[in-house]
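This report describes one protein chain, shown below.

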Amino acid sequence: MSNIQMQKKMKDGFDEKTFKLVKDIGALADKYSFRAYIVGGMVRDIFLNRKTVDVDVVVLGNGMKFAKIIADELKGAYKEFEKFKTAKIFFKNNWVDISSARAETYEKSGALPTVSLSSLKEDLYRRDFTINSMAISINKDNFGELFDYFCGTLDMNNKILRTMHDKSFIDDPTRILRAIRFETRFGFKIEKRTLDLLQNSLRHNIFNNLSGERLREELFRIFDEPSPLKAIKRLKILGVLTKINPNIQVDLPSFKLFSIIASSRKLIIGYKAQLRNLYLMALLENMQINEVEKITKMLKLSNEQKVAITHSIELQQLPKRGLSDISQSDSGLYFLLQKYNTEAIIYFMLMQNNKKQTLGIKRFIDKLQYVKIQVGGADLKDFGLKQGPEYKHILDLVLKAKLDGEVDNREEQLRLIKRILKGQ
Ligand code: CTP
């Protein structure tokens, strides 16, 4: 493809702001004598007509130095990841990742580091799949020149996902999950040898070497796809899930849970709940609570997420009969559900197959959980009641009456307290 054709593709593939940002970075590369390339998923997505906003740049030479220049000149916030020799520059609506292609350096005093295109090729070779291993130059003299050393465009045209080298999955087990995410996202096929390598890698306890955080982020990226079910099915068929943890047993009913969550997307987002947390609940649904606790710890979930997941398991264990009796009254629902995390309750609602119960739980989420009474401890004190556990008991009775529509305003609530106290 000619540079002109590629430039047109870039213009069409990026939104206006991203295209300008890429050009600005290219101009800075010229000004400060760097060779810069956009790389990875960003290049892939141009060919697949998907819009990307985050920019991934590889620089021949000292990428950190170039990243600081970009941050300075384009007024972005700079963050360096020393360990990985990468930097991120944050702008209002997107960010730029900068990394250095390993330069061939001759450390003779005074000698300039010699950087060559072979370091770009090496950088691309270390990546996950051929479709993610292309680069496009953004310097002015060859803006739009495509570097496709490993036939990424050919694989893309043939809808094939091919690993770059035999050790790829062993080097980085997250690539197993990535393979399945890309395969299902793009409707590609994992090429035979790549699939063999993936399956071979599973024979070793490959996930033992992977940090909980990285595993979690990769799982969440699957959950962020519009419909993760396909990927989950594939992960199960290939035996990936049980390699992650033998207790993750998804079955036909779990598949249904994934579909329900996907089709309730709008509702879940409307409640400001995290889809990923609900998918995780579905993934761990068949596990024992002590196993769930272990896995949430391993995945280094936040405390709030841990609570949400464990509550979702506890809620399922509520006796079904009890729930249908209790959901007859609003106060019953309230006192049953109020101690649980809202995301867990939303999940619980979606999993009901009894309409009345679903509506009851929805009423709790929308309304009942916010019901407040207009009397408090000070009123009980005025009634001459000594402070103690009785206070909570009486106020709960008032709340129950309010929830069930037996009392409304403060006067009625005070009258009820009087009646309760007399009855004692
Ligand atoms: N990469 C890799 N191995 C990984 C992660 C990333 O080789 N385990 C490389 C790939 O070249 C990838 C690029 O880094 O394209 C950027 O990675 P990332 O932003 O994680 O993914 P994208 O490919 O951009 O995918 P997505 O569209 O899901 O963001």
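## Contact of H8 with H10

Which residues in H8 meet which residues in H10? In this predicted model, Thr174, Leu177, Arg178 and Arg181 in H8 meet Arg214, Leu215, Glu218, Leu219, Arg221 and Ile222 in H10. The residues of this contact comprise five charged, four nonpolar and one polar.

Two packed helices are described by the angle between their axes and the distance between the axes. For helix H8 (residues 174–186) and helix H10 (residues 212–223), the angle is about 5° and the axes are 10 Å apart. Because angles under 35 degrees count as roughly parallel, H8 is roughly parallel to H10.

The chain has an open sheet of seven strands, in the order E3-E4-E5-E2-E1-E6-E7, and its pairing is mixed. Strand E3 (77–81) and strand E7 (146–147) stand at the edges; each has a single partner strand, so one side of each is left without a neighbour in the sheet.

Helix H4 (residues 63–74) packs on this sheet and touches E1, E2, E3, strand E4 (86–90) and E5. The direction of H4 makes about 155° with that of E5.

## Pairing around E2 and E5

Strands of a sheet pair through backbone hydrogen bonds, either parallel or antiparallel. Strand E2 (residues 55–60) takes part in both kinds of pairing: with strand E1 (residues 35–39) in the antiparallel sense over four bridges, and with strand E5 (residues 95–101) in parallel, through six bridges. On the E5 side, the bridge partner of Val57 is Ile98, and that of Val59 is Ser100.

## Covered elements

E2 is mostly covered, with five of its six residues buried. Helix H15 (residues 275–284) is likewise mostly covered: nine of its ten residues are buried. The buried residues of H15 are Leu275, Asn277, Leu278, Tyr279, Leu280, Met281, Ala282, Leu283 and Leu284.

Thr18 is found in helix H2 (residues 16–31). Its relative accessible area is 1%, and because buried means under 20%, Thr18 counts as buried. Apart from neighbours within four places in sequence, Thr18 is in contact with Met42, Thr52, Val53 and Val55.

## Confidence of the model

What pLDDT does the chain average? The average is 92, and 94% of the residues score at least 70. Residues 103–113 stay under 50 in pLDDT. For this stretch the model has 14 contacts beyond four places in sequence. Where pLDDT is low, the predicted coordinates should not be read in detail.

Technical notes
Residues are numbered from 1 along each chain as its sequence is written. This is a predicted model: local features need pLDDT of at least 70, side-chain atom pairs count only at pLDDT 80 or more; totals for chains, interfaces and linings use all residues. Side-chain values use heavy atoms; hydrogens and water are left out. Buried means under 20% relative accessible area, exposed over 50%, partly exposed in between (1.4 Å probe, protein chains only). Helices (H or I, at least four residues) and strands (E, at least two) are DSSP runs, numbered from the N terminus. Two strands pair if DSSP finds at least two bridges between them. pLDDT is the predictor's confidence in each residue, from 0 to 100. Contact means heavy atoms within 4.5 Å. Axes are lines fitted to C-alpha atoms, for helices over the stretch in contact, and angles run from 0 to 180 degrees between N-to-C directions. Angles under 35 degrees count as roughly parallel, over 145 as roughly antiparallel, 65 to 115 as roughly perpendicular and the rest as oblique. Ala, Val, Leu, Ile, Met, Phe, Trp, Tyr, Cys and Pro count as nonpolar, Asp, Glu, Lys and Arg as charged, and the others, Gly among them, as polar.
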